[in-house]
Each structure stands twice: as C-alpha cells, then as structure tokens.
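Dear colleague,

Please find below the structure for your review. My notes on what was found in it follow directly after.

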Amino acid sequence: MSEGRDEVPLLLAPEGDLQGSRWPLDKEVFLIGRGEECDLVIAERQVSRHHARIKRTPFGYQLEDLGSKNGTHLNGAAIEKPVQLQDGDDIQIALALKLTFVGSEATLPLSMEEAANLGLGRLRMEIQAHRVWIREEEVDPPLSPPQFRLLELLYKHPEQVVSRDEIAAYVWPGTEGVGVSDQAIDALVRRLRDRLSEIDQDHDYILTIRGHGFRLDNPV
C-alpha cells in the first residue's frame with residue numbers, strides 16, 4: 001500500500017516568491033528542473049532542464065545532481081555524487097531556489113494560524129534543523145550553539161521556570177554544570193535576548209525569575 005501524501009517527506013520553500021510551498025515526495029523518483037515534465041518546475045535559465053532528482057531508496061531519500069551547469073548544493077556544499085538526505089537539510093538549486101527537506105511532520109514549520117490553534121507562540125523553533133522564527137521571520141544569521149541550546153531548553157518547558165543549574169548542565173554538556181558561573185549564564189542570556197530583539201524589539205521573550213531562574217514568555 002502506498003504512503004499517504006501527509007505521511008511522506010516534503011520539500012518546503014522557506015523563503016522567496018514560493019515561500020511556504022510544499023512538494024510531497026510521494027513517488028520513487030522526484031525530478032527537479034526547468035523542463036515542463038519535471039515534478040518541480042523552476043522556470044529560470046540558470047536551472048538545467050533536468051537539474052537534480054530525489055530518489056527513494058530502502059535506506060531513505062537520496063539527492064543527486066544530474067550534471068547541471070550551475071550545480072546543486074546541500075547545506076552549502078556542492079554535491080558531486082548522490083547523498084543521503086537528513087531531516088532539515090537545505091537544498092540549493094543553482095541560485096534560483098532554496099528548499100528544505102522535511103523528513104517528518106514533527107519538524108515541519110507551522111504557520112501562524114496553525115501555531116495559534118495549537119496554543120504555540122510567535123517564536124517557533126525547528127530543533128533538528130537548528131532554525132528559529134519570530135513572527136514568521138527567521139533569525140539570521142543562526143544563533144550560536146550555546147544560544148540555541150539555551151532557547152531550546154526554555155522552549156521545551158513552556159510556562160516553566162528553568163533553574164541556573166539546569167541551564168548549565170544543558171547548555172554546556174559534559175560539565176554537569178561544574179565550573180559554569182552565574183556570570184557566564186547571565187552573559188549568555190543577555191546575548192540571546194539581544195539576538196531575539198533584532199527581530200522583535202517590543203517583547204522580552206526571556207524573563208528572569210529572581211531566585212529561581214528563567215522562563216520563556218512566548219505569546220500567541
């Protein structure tokens with residue numbers, strides 16, 4: 001029995017004129033290119049007629065460049081042979097279109113309406129892909145690894161206060177919090193607040209609960 005359209009991986013356009021468009025990978029070979037016979041048609045001269053393809057294999061999905069003139073990139077690196085796709089991978093077709101491979105619904109970015117219906121806030125995270133959105137605008141350049149881990153910890157505990165000890169152990173794995181000072185945590189919180197305020201200056205997403213720790217304030 002074939003997989004349902006909602007159960008198969010997707011290609012998602014995260015930006016540009018096609019932002020939000022989705023293409024389910026519901027066939028064995030999915031062809032990308034300028035030709036009208038392609039499953040994803042990109043009407044740009046820099047895109048080859050048959051530019052790239054994604055093939056379903058027993059081990060997952062593979063991306064292959066089909067000898068295109070202007071190349072196919074995976075996570076910023078040009079590919080020269082078939083490569084296995086991982087959830088959250090970024091695919092660049094020449095300079096014409098950026099795509100995200102979404103391997104499961106769990107990591108599919110939600111629209112503002114979907115987030116509101118689920119009771120989620122205007123700050124959204126795609127954990128495996130290491131991406132953050134505020135009011136539908138992606139935080140770019142990406143957060144540093146410590147900033148992302150701090151935000152991830154708060155995001156996973158909505159409406160809960162996270163202690164400094166929990167932050168130290170989660171953000172600096174392997175240390176069990178030993179040797180991580182309050183000053184280091186405060187500096188990290190300050191830098192993260194600064195990054196988030198670059199997009200939304202009207203709201204402080206990270207609240208200090210004196211004597212207890214920090215909490216994420218993420219309004220719908």
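**Strand pairing**

Ile32 lies opposite Leu40 of strand β4. The model is predicted, so to speak of local features a pLDDT of at least 70 is needed, side-chain atom pairs count only at pLDDT 80 or more, and totals for chains, interfaces and linings use all residues. Residues are numbered from 1 along each chain as its sequence is written, and side-chain values use heavy atoms, with hydrogens and water left out.

β4 and strand β3 (residues 29-33) pair in the parallel sense over two bridges; two strands count as paired if DSSP finds at least two bridges between them. Both belong to an open sheet of five strands with mixed pairing, in the order β4-β3-β5-β6-β9. β4 (40-41) and β9 (83-84) are the edge strands, each with a single partner, so one side of each has no neighbour in the sheet.

**Chain and helix α3**

The protein chain has four helices and 16 strands, taken as DSSP runs numbered from the N terminus (helices: H or I, at least four residues; strands: E, at least two). Of its 220 residues, 40% are buried, that is, under 20% relative accessible area with a 1.4 Å probe, protein chains only.

In helix α3 (residues 164-171), the buried residues are Ile167, Ala168 and Val171. Viewed down the axis of α3, they fall within an arc of 100°, so they line one face of the helix; the arc is that of the directions from the helix axis to the C-beta atoms. These residues pack against α2 (145-155), α4 (182-197) and β16 (213-216), with contact meaning heavy atoms within 4.5 Å.

Yours sincerely

Methods:
Buried means under 20% relative accessible area, exposed over 50%, partly exposed in between (1.4 Å probe, protein chains only).
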